Amino acid sequence: MDMISNLLRRPAAASVLSLVGVLAFYILIAGVDFGKLMGAASWVNYAARIGIVALPVGLLMISGEIDISIGAMIPAGAMTTAIISGHYELPIIFGILGALAIGVIVGTINGVLAVRTNVPTLIVTLATLVGMQGVVLAGSKLLTGSASVPLTAPDWAKTVFGQLMFGGSHQVVIVWWVFFAVIFWFVLHQSRYGNWIFAMGGDKESARNAGIPVNRMTILLFILTATSASFVGMCHAILFNSAQVSGGMHDIFNIIVSVVVGGVLLTGGFGSVPGIFVGSLTFAIVNKGIDFTAIDRNWSNLIIGVMLLVAVAMNESLRKLALSAAIGKRGKQKQDAPMSAASGEQRLPVPHSRRVERNEGPTDV
Amino acid sequence: MSDKTPVLEMRGLDKSFGPIDVLHDISLKVHEGEVLCLLGDNGAGKSTLIKTLSGVYQPTRGEMWMDGKPVSFANPREAQNMGIATLHQFGGTYPLMSIGRNFFAGVEPTKGFGPFKAFDRAKANRIAVEEVQKMGITRITDGDRLVGGLSGGERQSLAIARAVYFGARVLILDEPTAALGVKQAAHVLRIVKEAKRRGLAVIFITHQVMHAMAVGDHFAVLIRGAIAADFRKGERTREEIADLMAGGESMADLEANIEGYMETHDGHPPPPAH
Ligand SMILES: Nc1ncnc2c1ncn2[C@@H]1O[C@H](COP(=O)(O)OP(=O)(O)OP(=O)(O)O)[C@@H](O)[C@H]1O
Ligand SMILES: [Mg+2]
């Protein structure tokens, strides 16, 4: 019982439950063949596409901000690569660096606007979303005269960014997704920077007062979200040998839903990388798994809506559970009983006074 | 009083936020092993002053000196590195983070090397629990618990424990006893005395005359951003201090007014003045 409640208290618990619920629904009610679903690539590819962006977006949301300009950055990354290396036929490396550079530039703009102005980041990034859509469309019309640009990438670039693996239809971005997930997990849960991100989302003012470089971290997180989006776009252009200016709008909501289903609190300060990872997976299964059923694909949005509500409700109640964890309930905690620890590293050891309060309390004045 | 160099000295500090002048010409000293009580009505500028001392704000004019040398803090971290630890009024804790992570926010202990430096959770938890227990909160034994599940006073004690732990030279406490019970407040006062005994310079803000008189060696009263009185222990009576804290109005008069009003109004207190 204790173990179960401890597991439920983990920030990723609700997303795992959502995943189980969605799978159960598809397999038991909608009649999906589990083996076939597991063997299919469509949902894994999709999970990786949104998952790569969901990781930094999740961290940004934990820090208390949001970035919706990612919706324009996915096509922006794709178009940049295709224009540089397809239309102008420069080596692919310039196309790749160009895509990443546009991510860094837009991310920096978002971040600097976020810390310099008091405009909520929803509005800041809404502005860059719309602005970048215009830039990408007008730019590609101006430079190439078309809204769709072909691209032929050399073999090495295909191998690294745009290949299908196992001779089947799994895309190499899946490997990138897992790789990024491990890095983000380390950063958020193991490094001090993770602590800063949580503190920023918990109480920005206190975080600043505690000496955490809040502004620098915010700008960095915005650079990561925009660049990860342009990275995904770049991979797609290389895989599909072309890029279109449209698309990416659905991704905004899909990514944010994944992050929220993954247990990240919309107001910041709480969440986890395993949760975000499972959230993306769950979202992708709902979205692509519908094709394995007899259900009309349009219904998948209803399922997503329901899942979002259920997952958020679960997140809320599980977080309450985590907060109300009984004091000193777990027996094993007794081991790190505080008094026994060496006090050598304390800078100001204040001995625990044994005197009765009355002797030195405020009442003796 | 002493001819020793003060640990921290303010010389003619001014602070304005755009057109709003909050602090005017503040000059104060605090020595080793001395408690400076900063008193004053709501909005007098006490928090603004200590935020300037801890690097959150930069003074508009004036200088700060530490150990006889001029210093300036571009950010809170620089002040922290000089050994100034501050407990700010409100906040200081993050409800959805564990006790250990709260305690070390911004100054995390790490283990490992290079890019693989990991937050040392066991050490953070152990020290955090140890230090809050010293504050008299013995109910806290698990550093992994989320702070949001603690009571207001327990959270406050955690924040104080943190400032005490990191305050190497100067300890600044902005209304530390505000949310605390009698017993915990007594603990805080005891800790202030202990810090003083160990040679720290302490700046202590409170609205409670009792608490101020229990620990203060030196008192400075701010009224509308300027120093209205600056005196040492024993130079003023308790009533005089209370009057100064109320912004220069006589507490006895205020109380008499209220009582007189209540007598003529069926025991109802007067409506708040605007
Ligand atoms: N960032 C700011 N911008 C503009 N005005 C400010 C700012 N911070 C504080 N003030 C103003 O400065 C004055 C002093 O505020 P401060 O918080 O220092 O008061 P205080 O003495 O700490 O009061 P309290 O006892 O209520 O905590 C107030 O009138 C406040 O409105
Ligand atoms: Mg204040």
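This is a predicted model: local features need pLDDT of at least 70, side-chain atom pairs count only at pLDDT 80 or more; totals for chains, interfaces and linings use all residues.
I kept to the model's limits: local features need pLDDT of at least 70, side-chain atom pairs count only at pLDDT 80 or more, and totals for chains, interfaces and linings use all residues. Residues are numbered from 1 along each chain as its sequence is written, chains are lettered from A and ligands numbered from 1 in the order written, and side-chain values use heavy atoms, without hydrogens and water.

**Chain A, helix pair**

I looked up helix α9 (residues 173-190) and helix α14 (residues 273-289), whose axes are 9 Å apart at an angle of about 150 degrees. Helices here are DSSP runs of H or I, at least four residues, and strands are runs of E, at least two, numbered from the N terminus. Axes are lines fitted to C-alpha atoms, for helices over the stretch in contact, and angles run from 0 to 180 degrees between N-to-C directions. That angle makes α9(A) roughly antiparallel to α14(A) (over 145 degrees). I listed the contact residues (heavy atoms within 4.5 Å), among them A:Trp177 and A:Phe184 of α9(A) and A:Phe277 of α14(A).

**Chain B, sheet**

I traced an open, mixed sheet of six strands in the order β6-β9-β10-β3-β11-β12. Strands pair if DSSP finds at least two bridges between them. β6 (84-87) and β12 (226-232) of chain B are at the edges with a single partner strand each, so one side of each lacks a neighbour in the sheet. The twist averages 15 degrees from one strand to the next.

I then checked β3 (residues 34-40) and β11 (residues 218-223) of chain B, which pair in the parallel sense over five bridges. B:Leu38 has B:Ala220 in β11(B) as its bridge partner.

Technical notes:
Angles under 35 degrees count as roughly parallel, over 145 as roughly antiparallel, 65 to 115 as roughly perpendicular and the rest as oblique.
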